[in-house]
Amino acid sequence: MGIFGLCEFAALNSRIHYVKSRMLKGGDWQTLLSGSDLKAAVGDLGSLPMGEGLVTERGDGSLSLRMVEHSLQQNFVTETLSHMRFLSGASAEALRELVRVYDLMNLKKVLRIKLGYEGKDRMSELFVDLYDLGRHSLLKMDKWRELTEGGKIGNAFVGTCYEEDFKLDIESAGESAGLLRLETIIERSYFKNLYACLKKSGGVELLRMHLDELCLEQMVRLRYHFEMEIPAIQPLTMLDLSASFNEKLFNKLMEAEDERSFFELLSAEPAFKGFDCSSLGACLRSMRLARMKECKAILNSGAPLSLRPLTALFMLKQQEIRDVVSALQIKRFQREGKKGWLVMPEVNKSVVREASL
């Protein structure tokens, strides 16, 4: 690596340490989780670094958790893309592809509008907000908005990882299981492309841990929630990219007659020893907890000359936002017993137990 490459990663790692220092600490989680006043919790969030410029209200002045989440995610997108000025070549492409998970979210919104709901007013209320990736997005914002307003997908994704997915008429996807199948197909296309990028630049082992979670969720939902036939499920999964699943294990698990039996079989697998395999939600939480601890270990290990620390930070921040939104939802619906399902507070030597007392 030349002198310019060394300077590139030195500047990037300095930026990573700055962003990491602004993440929620144990005391911050204590503040957010204690008490039962949702409005006060949102106010506390706005006083923290991740809540700077937070949008919390609808046009009529009422509190909207959907807008809070969108604002947190959009701020994260903008912050992450600011790292691009320190990168070039394969590293820049890998970071761009990481952030394009928000293009994937936009695309899912478009598909749900077109295929998943009836009634224009309902669609407008649910999916008015799109994530803006600026010049790094697959489509310009006016094109995304055109698609949400009924525009045809047509050739919009030619030259992208989704090109093959839209050669068929999406109207034939229908609703419910058909929509889920199409979403699963485009997820596979996105993550296959991201896998190739991170394999060159660093962080692919973290992605494989994440893909384990997606594979598990896909298998259980498609088989037991949507009752899809086994031969139709395997092509939709990402077994070839996963760290813990393969075709042999897939076939073994699919022999289970119901979800309970599935997790009994899974609990006996060496890769899942120590995980809570009592249910899908419990197992996913265990897997996410292990991944977040690995991310934190990478950030604490120094500044290797790869994209691994930035990939780790990206995943930590995504989980942080997920948990903040979940914490606010817990307050909204007064479900205090759900605090133990959060991930990041425990990674940060959490105060969840104390906050629940």
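This is a predicted model: local features need pLDDT of at least 70, side-chain atom pairs count only at pLDDT 80 or more; totals for chains, interfaces and linings use all residues.
Start with the core. The largest nonpolar core holds 107 residues. Within this core, F157, L216, F245, F262 and L266 touch the most other members. Helix α10 gives the most to this core, with 11 residues.

Turn to α10 itself. The helix covers residues 204-225, 22 residues in total. From its first C-alpha to its last, α10 reaches 30 Å. That is close to the 32 Å expected at 1.5 Å a residue. Just after the helix comes E227, with a positive phi of about 55 degrees.

Setting aside residues up to four places away in sequence, F262 touches L216, M219, V220, Y224, L253, M254 and A256. L216 is also among the core residues that touch the most other members. L216, M219, V220 and Y224 carry numbers within the 204-225 range of α10.

Now the aromatic rings. The model has 11 aromatic pairs. One of them joins F157 and Y162. F157 has 2% relative accessibility, under the 20% cut-off, so F157 counts as buried. Y162 is buried too, because its relative accessible area is 1%.

A second pair is made by F272 and F275. The centres are 5.9 Å apart and the planes stand at 80 degrees; that angle is over 60, so this pair is edge-to-face. F272 is buried, at 2% relative accessibility. F275 is partly exposed, because its 26% relative accessible area falls between the 20% and 50% cut-offs.

Leaving aside neighbours within four places in sequence, S189 is in contact with C161, Y162 and D165. S189 has 15% relative accessibility, so this serine counts as buried.

Rings also group beyond pairs. F76, Y102, Y131 and F314 form one aromatic cluster. Y131 has a charged neighbour as well. K109 lies over the face of the Y131 ring, at 4.5 Å from the ring centre.

Two residues tie these views together.

Conventions
Residues are numbered from 1 along each chain as its sequence is written. Side-chain values use heavy atoms; hydrogens and water are left out. Rings of Phe, Tyr and Trp (its six-membered ring) pair if their centres lie within 6.5 Å; planes under 30 degrees apart count as stacked, over 60 as edge-to-face and the rest as tilted. Buried means under 20% relative accessible area, exposed over 50%, partly exposed in between (1.4 Å probe, protein chains only). A charge sits over a ring if NZ of Lys or CZ of Arg is within 6 Å of the ring centre and within 35 degrees of the ring normal. Helices (H or I, at least four residues) and strands (E, at least two) are DSSP runs, numbered from the N terminus. The expected span of a helix is 1.5 Å times one less than its number of residues. Contact means heavy atoms within 4.5 Å. A nonpolar core is a set of buried Ala, Val, Leu, Ile, Met, Phe, Trp, Tyr and Cys residues joined through side-chain atoms within 4.5 Å.
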